[in-house]
Amino acid sequence: QINRTMITMIGTRFGAHVVGTSNRAGLCPRTSKSRAPRTGSKRRPKLDRATIRAVTNAAAQDVPIGTRLGEYEVIGILGAGGMGTVYKGAHPIIGKEVAIKVLAPHLSRDEQMVQRFVQEARAVVKIQHVNIIDVFAFGHEPTVGHYFIMPLLDGESLGDRMERGPMALIDVLPIIEQTADALDTAHEAGIYHRDLKPDNIYLANERKGPPSVRILDFGIAKLVESDMSATQTGVQMGTPLFMSPEQWEGCGVDHRTDIYALGVLVHHLITGRYPFEAKSHMALMNLHVNGEARLPSGFGASEALDAVIAKALAKDKEYRHATAREFYLELASAADGSDQLAAVPRPVVAAAATLDTELQMSSPPPANRRPLVFLGVAGAGIAAAALALAFTRSGATPRTPTPVQNAAQEFDA
């Protein structure tokens, strides 16, 4: 029998968020004790996207076909994650089809999660950008819970597109240009996405011309004016492979957090790999906070792109691009000087977008950068797990890289 517990165990790449709290609530983590490596754990079997989608959709059919939500009737299911389910709906008279996002029943009893669901709808309405998915209705049904209604898009996510291998740089540029413009508009409105990744960028087919971008899922977006506790210091939220150092630390998140994720995104689109890869959340956290990124040229892409990606992935956000547009312009300029606009070969060893699959370790992290603690992991499609790791801050002297001993065995995802 399939149930939501199984969804949690799978660790789906479609909406996996990390949510944790530091051991010093309300403060940036500064001191902690390191945790002894965990040994003897067994790896979970690999699951492809089709299997994950089939299982999660089957388990999440909480709303029966034919249920009326506002002016629309549910006619099918489009996708699911731990936060909720997206259904296909249709107007019973005029036949207009829509996408209906329904908050998971077990979360409807959580006031904070309901507030976050409402905040997601308010965020996209406030931004009002052509490259951000729109929300045009919101409601609540006693037997179903909270829901909002969006346009039904025809196309595929970047995550699905990447199943076919890395993209040519010439194809990546227009996607990043539209994404950057949408992000800057959101940032100007005081909204930070915090979960930018291939599955949250949709390539919508147009009647004429190439597909256009739609940024999805502002479910963990941070509104500057919001006082919700889930956006306050000491809370980590995001998807591990794309999380900035400040997200892992749970403090200091701003628009440059999205710039960091944009750098990881472009790296992945053109190489099929990630700048930081590890076998565990703990090792991955270590690399994002202290490690040296493996730049695109290390995976066969043009060296002309390295400087742009390295700047976006700066540990100190003050050294990243000031705006998403600035990032795009530097990327486009680097592309002009590149002799490689075609896609790089598909990786022999593909890096999965979840930590359930073995990933090769990147360059070892420099020692003694800054202290960090991360105690909790939870979110859409992944099980809650306790983690702890400590680092110590260095002074102004240069750091010497040291290996992470048994880092890949500290926590089996």
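A: D110 caps the N-terminal end of helix α3, with a side-chain oxygen 2.9 Å from the backbone nitrogen of Q112. That is a polar contact, meaning a pair of N or O atoms within 3.5 Å; within protein, one must be able to donate a hydrogen and the other to accept it, and residues adjacent in sequence count only if both atoms are side-chain atoms. The model is predicted: local features need pLDDT of at least 70, side-chain atom pairs count only at pLDDT 80 or more, and totals for chains, interfaces and linings use all residues. Residues are numbered from 1 along each chain as its sequence is written, and side-chain values use heavy atoms, leaving out hydrogens and water.

Helices (H or I, at least four residues) and strands (E, at least two) are DSSP runs, numbered from the N terminus. Helix α3 covers residues 111–127, and its 17 residues should span 24 Å at 1.5 Å a residue, which agrees with the 24 Å between its end C-alpha atoms. The expected span is 1.5 Å times one less than the number of residues.

Buried residues of α3 include M113, F117, E120, A121, V124 and I127; buried means under 20% relative accessible area, exposed over 50%, and partly exposed in between (1.4 Å probe, protein chains only). An α-helix has 3.6 residues a turn, so residues three or four places apart point the same way. Just after α3, Q128 takes a positive phi of about 50 degrees.
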